[in-house]
Amino acid sequence: MSDALHLVCPACHAVNRLPASRLDQQPRCGQCRAPLFSGQPVELTQAGFARQIGRNDIPVLVDFWAPWCGPCKVMAPHFAEATRRLEPQVRLAKLDTEAEPDIGGEFRIRSIPTLVLFRSGREIARQSGALGAEDIVRWVRQHLP
Ligand code: ZN
């Protein structure tokens with residue numbers, strides 16, 4: 001494994017390259033200076049989705065949700081807690097399937113919430129239904145080396 005990592009900025013989607021050793025030193029985006037990890041899930045839209053999934057060298061976990069979905073609301077604080085626990089080893093992001101129906105369709109999201117774990121642009125695991133923070137963290141670690 002190379003010791004330089006590509007990380008996509010959650011704010012401007014610039015691809016940053018930084019040594020793996022700097023991952024846990026609160027790195028900032030070279031382009032816009034935003035923190036690369038904020039302890040909050042990244043809100044994805046069509047504009048940055050492909051790049052966040054495809055260009056990050058760390059795995060990306062996406063919560064496909066919708067504003068009208070009760071279980072999604074219940075899971076939201078748990079997902080935020082999981083973000084604090086899994087960063088900077090994993091990027092956690094949310095995709096509003098009502099605002100971005102094309103992406104939900106592309107990934108054949110049939111029920112929400114659905115969690116999809118991506119690595120190097122490819123889906124490696126999927127899970128439907130709300131989980132608590134502990135279970136999200138455990139599920140992600142189960143699927144990573
Ligand atoms: Zn940036």
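**View 1. Helix H2 and what its buried side packs against.** The buried residues of H2 pack against strands E4 (60-65), E5 (91-96) and E6 (114-119), and against helix H4 (133-142). Helices (H or I, at least four residues) and strands (E, at least two) are DSSP runs, numbered from the N terminus. Look for Cys72, Met75, Phe79, Ala80, Ala82, Thr83 and Leu86, the buried residues; buried means under 20% relative accessible area, exposed over 50%, and partly exposed in between (1.4 Å probe, protein chains only). A handy rule: an α-helix has 3.6 residues a turn, so residues three or four places apart point the same way.

Before moving on, a word on the model. It is a predicted one, where local features need pLDDT of at least 70 and side-chain atom pairs count only at pLDDT 80 or more, while totals for chains, interfaces and linings use all residues. Residues are numbered from 1 along each chain as its sequence is written, and side-chain values use heavy atoms, with hydrogens and water left out.

**View 2. The bend in H2.** H2 covers residues 70-86 and bends by about 35° at Ala76, with a proline, Pro77, following within four residues. The bend is the angle between axes fitted to the seven residues ending at a residue and the seven starting there.

View 3. Strand E1 (residues 4-8) runs antiparallel to strand E2 (residues 15-19), and 5 bridges join them; two strands pair if DSSP finds at least two bridges between them. Leu7 has Asn16 in E2 as its bridge partner. Between the strands sit 6 residues, and there His13 takes a positive phi near 65°. E1 is largely enclosed by the rest of the structure, because 4 of its 5 residues are buried.

View 4. Cys9, Cys12, Cys29 and Cys32 coordinate the zinc ion through their SG atoms, at 2.3 Å. Donors are N, O and S atoms within 2.8 Å of the metal (3.2 Å for Na, K and Ca); water is not among the atoms, so sites may look incomplete. The 4 donor atoms subtend angles of 106 to 113°, so the arrangement is tetrahedral, which for four donors needs all angles between 85 and 135 degrees.

**View 5. A closer look at Cys32.** Cys32 lies in the loop between E2 and E3 and is partly exposed, with a relative accessible area of 33%. Cys32 and Cys12 are 20 residues apart in sequence, but 6.8 Å apart in space, C-alpha to C-alpha.

Note on methods. Expected span 1.5 Å × (residues − 1). Contact = heavy atoms within 4.5 Å. Tetrahedral: all angles 85-135°; square planar, octahedral: opposite > 155°, others 65-115°.
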